Amino acid sequence: MRSFLQLAAVFAVSFLGSLVTGGNPWLTLLAGTATAVLALVVYVRIGRRPSPDLPREGAAVAFGRGAVLGAALFTAVIAVIALLGGYRVEGWGSLSGAAALLGLMLAAAVTEELIFRGVLFRVVEARTGTWTALALTGTLFGLMHLLNPHASLWGAVAIAIEAGGMLGAAYAATRTLWLPIGLHWAWNFAEAGVFGTDVSGNDTAQGLLDGALSGPVLLSGGTFGPEASLASVVAGAAATVAFMTLARRRGRVLPRRSRRPAATLGR
C-alpha cells in the first residue's frame, strides 16, 4: 500500500509540475527544480524515514558521480555520431533555453527515477529477483516513450536497452537513487541543454549549442533524437553490463523469488 501511495504521489507532483513549466525559461527552471524537490519530499514522507534508497549521507557525492558519468557517456555518444557525419553544430543556442532545460530535465530525472527504480523496480525485484525486475521495468520504461512525439518502436527498444537497463543496473549496484538520478539528469541535459538535440522525440528548447542531426536513423537517431542511435544503445548496454558486474561483486543481485528480508532490497 505504501508503494502505491508513493507512486500516486509522485505522479501527481509530476503532473502539477508540467502545468507550470513552459513559457518563461526562468520560471521553468524554478518550477522544474521545485517539482524535483517536492517529489523527493513526498516519496520520503510516504515511505519509511529515513529512506534507505535516498540517504542524506553521501547524497551529493553519489549524485555528482552519476552526473559526471551521464555527461561523459552522452558526450562520447555525440562525438561518435559527429565523427561519422551525423551531427554538426550550426551556431550558438540560447542561455535562457539551457536554463529552462536544466529545470525540466531535473524534474523528469527525479520523478521518473522515483517511479521506475524507486517503486516499480523495488517491488518487482522483491517478488521475481533482480534480473527479471531489470528486464520488466526496462521494457516498461521503453514502452512509456511510445507516447512521445516522433515515437517509433525502434526508439522504444533503444530506450529500454540503453536507459531502462542502464538506470536499473545503476540502482542495483548502488542501492541508492542518487546515482541514477544524477546519471539520468546529466545525460538528458547534455543531450538537449548542451548539444541542442531532441530528447526521446520531444521538441525541446534550444540549448547552449544549435545542433543538427542528419543521416540514417541508426546513425543519428532521426526525429527521435540521438537516443535512437546505435551509439547510444551500445553505450547504454556497456554501462548496464558494468553496473551489473559491480552489483554481482557486491552481492546485490537477488535470485528469482528471493525470500530475503525486505531490508536487503533497499526498503
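Is Tyr171 buried or exposed in this structure? At 0% relative accessibility, Tyr171 counts as buried, where buried means under 20% relative accessible area, exposed over 50%, and partly exposed in between (1.4 Å probe, protein chains only). The model is a predicted one, so local features need pLDDT of at least 70 and side-chain atom pairs count only at pLDDT 80 or more, while totals for chains, interfaces and linings use all residues. Residues are numbered from 1 along each chain as its sequence is written, and side-chain values use heavy atoms, with hydrogens and water left out.

A search of the whole structure finds 7 aromatic pairs; rings of Phe, Tyr and Trp (its six-membered ring) pair if their centres lie within 6.5 Å, and planes under 30 degrees apart count as stacked, over 60 as edge-to-face and the rest as tilted. Because Phe121 lies in helix 4 (residues 95-128) and Tyr171 in helix 6 (residues 153-174), the pair ties together parts that are 50 residues apart in sequence. Helices here are DSSP runs (H or I, at least four residues), numbered from the N terminus. Elsewhere, Phe74, Tyr87, Trp187 and Phe195 form one aromatic cluster. A charge also meets a ring: the charged end of Arg117 sits over the ring of Phe141, 4.7 Å from its centre, where sitting over a ring requires NZ of Lys or CZ of Arg within 6 Å of the ring centre and within 35 degrees of the ring normal.

Tyr171 and Trp187 both return in the packing of helix 6 with helix 7. The axes of these two helices are 8 Å apart and meet at an angle of about 150 degrees; axes are lines fitted to C-alpha atoms, for helices over the stretch in contact, and angles run from 0 to 180 degrees between N-to-C directions. The two helices are therefore roughly antiparallel to each other, given that angles under 35 degrees count as roughly parallel, over 145 as roughly antiparallel, 65 to 115 as roughly perpendicular and the rest as oblique. Helix 6 contributes Glu162, Met166, Leu167, Ala170, Tyr171 and Thr174 to the contact, and helix 7 contributes Leu179, Pro180, Leu183, His184 and Trp187, with contact meaning heavy atoms within 4.5 Å. By class, this contact has 8 nonpolar, 2 polar and 1 charged residues (Ala, Val, Leu, Ile, Met, Phe, Trp, Tyr, Cys and Pro count as nonpolar, Asp, Glu, Lys and Arg as charged, and the others, Gly among them, as polar). The spacing of several of these positions recalls a general point: an α-helix has 3.6 residues a turn, so residues three or four places apart point the same way.Helix 7 is mostly covered, with 16 of its 17 residues buried. Asn188 is found in this helix (residues 178-194) and is buried, with a relative accessible area of 7%. Not counting residues up to four places away in sequence, Asn188 touches Met105, Gly193, Val199 and Glu227. Just after helix 7, Gly196 takes a positive phi of about 70 degrees.

Two other residues deserve a look for their backbone angles. Most residues other than glycine have a negative phi, and most peptide bonds are trans. His150, although not a glycine, has a positive phi of about 60 degrees. This histidine lies in the loop between helix 5 (130-144) and helix 6 and counts as partly exposed, at 40% relative accessibility. Arg175 also has a positive phi, near 55 degrees. Arg175 belongs to the loop between helix 6 and helix 7, and counts as buried at 9% relative accessibility.

Gly225 occupies the loop between helix 8 (217-220) and helix 9 (230-249) and is buried, with a relative accessible area of 2%. Leaving aside neighbours within four places in sequence, Gly225 is in contact with Asp198, Leu213 and Ser220. In helix 4, Val124 counts as partly exposed at 22% relative accessibility. With neighbours within four places in sequence again set aside, Val124 is in contact with Gly129, Ala133 and Leu136.
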